[in-house]
Amino acid sequence: MPLILVGGLVFGFGLAYSQMARPEVVLDFLQFEDFGLVFVMFGGAAVTGVTFFLAPRLLGRAPLTGDTFERRLKSFDRSVLVGGAIFGVGWGLSGICPGAAYASLGIGNVTILWALAGMFIGAYLQGYWRTRSETRETAATGAD
Amino acid sequence: MVIEALPLQVTAELFPNGISRYAVGGLLVGLGTVVVYLSTGISAGASTFLESTLSYVSDRSRFQQYVSSRDWRVVFTLGIILGAAVYAVVYQGGAWTTDVQPWRLLLGGLFVGIGTRVGKGCTSGHGVCGVGSASKTSIIGVLTFLAVAIITAQLISALGVSP
């Protein structure tokens, strides 16, 4: 837990330092007025890329959990495109994504609570719909 | 002389605020992810926190799958808030608030909440961890939300909505 807090601290400090915690800066990027944000994602991905490549080869298991080091691989299906598009509409409209929203609160941006409220409502809605459709599918299979 | 100055001028137009703060910030974001990964083996993402935290207050099966990770996700998020607060105190000299209109934040946030969870990740999960893992799913995910976000932001701007 302490190391997760440290990781979060560095992560949040980095988001604030990169200005990504400010929706205006993200919107400037999306409107092609300042391309600097490309370096935030590439910078972040470069660091994780090297680590995710080397850790499984040089280290055995994670010291705290004993878990093996794995890459973040998720199965591809239509929901990646559908969800990505919905997220894109939200990101383009608000200029804020989840991690940056938490960091934005940290830099004193209380107005961002609007976005955080929206995110929780959105996450709840999709959970509500998906739980319901799962239940219906199970019921349908059971009836066969 | 003119030819020599051209690349600099183009750079200044593309990056009016320079690139160092973005690059340094990005490296720190990566470093924070690495601290979590090296100690626990977990690829941390920010948007799962939304659902894992809902498991405290909702019994829906969709959220209950995150019960085992919800505590450390709260700690990680508190860390993000505190880390950003340290930046605000040291470099910013106080609080900063956005001028983007509340309805954009609320409605946009709603779409972000649905989209990141349906699409299996956000800018940190897909963007930093997934791309760092050279995951095809994540690269396609990033290209999708980036393209749609650019189109959306340009449209909103063209409609005269600002900020």
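Predicted model: local features only at pLDDT ≥ 70, side-chain atom pairs only at ≥ 80, totals over all residues.
For the complex as a whole, the predictor reports an ipTM of 0.93 and a pTM of 0.93. Chain B has an average pLDDT of 93, and 97% of its residues score at least 70.

Chain B is built from eight helices and zero strands, which gives the pattern α-α-α-α-α-α-α-α when the chain is read along the sequence. Its C-alpha trace spans about 65 × 40 × 40 Å along the principal axes, and of the 163 residues in chain B, 52% are buried.

In chain A, the unreviewed UniProt entry lists residues 37-59, 80-101 and 107-125 under "transmembrane region". In the model, residues 37-59 of chain A are 96% helix and 0% strand, with the end C-alpha atoms 32 Å apart. Residues 80-101 of chain A are 86% helix and 0% strand, and there the end C-alpha atoms are 22 Å apart.

The two chains meet through 106 residues of chain A and 107 residues of chain B. On the side of chain A that touches chain B, at least two residues each come from helix 1 (2-17), helix 2 (23-30), helix 3 (37-58), helix 4 (78-94), helix 5 (98-106) and helix 6 (113-143), and helix 6 of chain A gives the most, with 18 residues. By residue type, this side of chain A divides into 63 nonpolar, 34 polar and nine charged residues.

The largest nonpolar core has 82 residues, and those with the most contacts inside it are Leu15(A), Ala16(A), Ala101(A), Ala103(A) and Ala84(B). One of these, Ala16(A), can be followed in detail: leaving aside residues up to four places away in sequence, Ala16(A) touches Ala21(A), Ala103(A), Gly106(A) and Ile107(A) in chain A, together with Ala84(B), Tyr87(B) and Ala88(B) in chain B.

Helix 8 of chain B, residues 136-158, has 23 residues and reaches 33 Å from its first C-alpha to its last, close to the 33 Å expected at 1.5 Å a residue. Its buried residues include Gly141(B), Phe145(B), Leu146(B), Val148(B), Ala149(B), Thr152(B) and Ile156(B). In an α-helix, residues three or four places apart point the same way, because there are 3.6 residues a turn. The buried residues of helix 8 of chain B pack against helix 2 and helix 4 of chain A, as well as against helix 7 (123-132) of chain B. Just after helix 8, Gly160(B) takes a positive phi of about 90°.

A few backbone features remain, and they are set against the general rule that most residues other than glycine have a negative phi and most peptide bonds are trans. The peptide bond from Ser162(B) to Pro163(B) is cis, with omega near -5°, and Pro163(B) lies in the segment after helix 8 of chain B. Phe32(A), in the loop between helix 2 and helix 3 of chain A, has a positive phi near 60°; with 11 other C-beta atoms within 10 Å, Phe32(A) is exposed. Lys120(B), which is found in the loop between helix 6 (102-118) and helix 7 of chain B, also has a positive phi, near 70°, but Lys120(B) counts as buried because 23 C-beta neighbours lie inside 10 Å, where 20 or more are required.

Conventions: Residues numbered from 1 in each chain as written. Chains lettered and ligands numbered in written order. Core = buried A, V, L, I, M, F, W, Y, C linked by C-beta atoms within 7 Å. Buried ≥ 20, exposed ≤ 12 C-beta atoms within 10 Å, placed from the backbone. Contact = placed C-beta atoms within 7 Å. Helix = DSSP H or I, 4+ residues; strand = E, 2+ residues; numbered from the N terminus. Nonpolar A, V, L, I, M, F, W, Y, C, P; charged D, E, K, R; others polar. UniProt positions renumbered as here; feature names shortened; annotations may be inferred. Expected span 1.5 Å × (residues − 1). pLDDT = per-residue confidence, 0-100.
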